[in-house]
Amino acid sequence: MTAAVVAVPGRVERRSDWIDHLKSLIDPQWRPAEWDPHTAIFTADPTNPLTKVFQCRVVGCAGPSEYSIGLCSGCRKRRAKFTGTDEEFCAIARPRPRQGVASRLVVDLSVLAPAVRAELIFGIQQRDLDQIILAPMVLRRLMTTFPDDLGSLLDLPEGFAASLRPSLAGLLRGVFGHVRRVYAPLQGIDPTAGDVWDSALVGLNAGGPNREYRAASGTIDFRPIRQPWLRRIVKDYGRSIRPPVATMRRIVISFVIASDVLAARGIGDEPSAVGMADMTAVVEGFSRTTNPDGRPHSTTHRISILGYWRRPL
């Protein structure tokens, strides 16, 4: 039996137990020099290596920017009326220089609904654990995009992040993935129950060079593995080990190769029908793999795929 990607229900009851659950997961000693849980105000500390305050590119302007090469809000408005190039605009000193503004950047989260505030703080704390830098200006801009009556990030319409600028979308997706992951068990949802896993909901790491943080998107699709018992082996391995997304996908690819070989030899739903000759055929199958355009894989690649096949066995 196959299943679609497990999704968290779209509308969240704004109950105190959800907020209490989030609070139980939040570190009360988080960023004491920046975060005041009593006033719900975050004051950026540029000396914190996990805090990044970008300064406006314009000469003589210390206004905050969302990007390392961006403009502050005031200079963006002036730029819209300027007919020259970006370089010419940034070289002209701001008429009334803003000094020291960026270092005092404050984000007031008290304006948010209690659940939204707790969700954001929890998600940002989780990103801290993954050593992902927070740009407070991006957080402040993100907050302005929320509907006025938003009671929970889980109430945001599907595709909301796609309508945002990349920096805002990245922060929202990162936080949202952590929020969904802790919300799902409260609803009795097992994100590994189906044959298509939501990587963020399962809590898999993104993997790859310099990507030792949890995935914010993407899926793992086990359905191409034809035999249910073979599919169970891979899923059980994924549940117990929780490898990075890239590794899990390579393992699935290796099992699809094995599955196709076994299916061609008439092996279906009964694992007891697999004999030594069948396993030999599977190993030989890895020596015949090709690229999508039909070109043979390199020997190194074939050995690598065979190694991924052996991991769960």
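The axis of a helix is here a line fitted to its C-alpha atoms over the stretch in contact, and the angle between two such axes runs from 0 to 180 degrees between their N-to-C directions. With that in mind, open the structure, which is a predicted model, and select α5 and α6, which pack at an angle of about 85 degrees with their axes 9 Å apart. Because angles of 65 to 115 degrees count as roughly perpendicular, α5 and α6 are described as roughly perpendicular to each other.

Next, show the side chains where these helices meet: Val 138, Leu 139, Arg 141 and Leu 142 belong to α5, and they face Ser 167, Leu 168, Leu 171 and Leu 172 in α6. By class, this contact is made up of six nonpolar, one polar and one charged residues.

Now move to the loop between α5 and α6 and select Phe 146, which counts as buried because its relative accessibility is 7%. Leaving aside neighbours within four places in sequence, Phe 146 is in contact with Leu 112, Val 116, Leu 120, Leu 153, Leu 156, Phe 160 and Leu 172.

How values were computed. Residues are numbered from 1 along each chain as its sequence is written. This is a predicted model: local features need pLDDT of at least 70, side-chain atom pairs count only at pLDDT 80 or more; totals for chains, interfaces and linings use all residues. Side-chain values use heavy atoms; hydrogens and water are left out. Helices (H or I, at least four residues) and strands (E, at least two) are DSSP runs, numbered from the N terminus. Angles under 35 degrees count as roughly parallel, over 145 as roughly antiparallel, 65 to 115 as roughly perpendicular and the rest as oblique. Contact means heavy atoms within 4.5 Å. Ala, Val, Leu, Ile, Met, Phe, Trp, Tyr, Cys and Pro count as nonpolar, Asp, Glu, Lys and Arg as charged, and the others, Gly among them, as polar. Buried means under 20% relative accessible area, exposed over 50%, partly exposed in between (1.4 Å probe, protein chains only).
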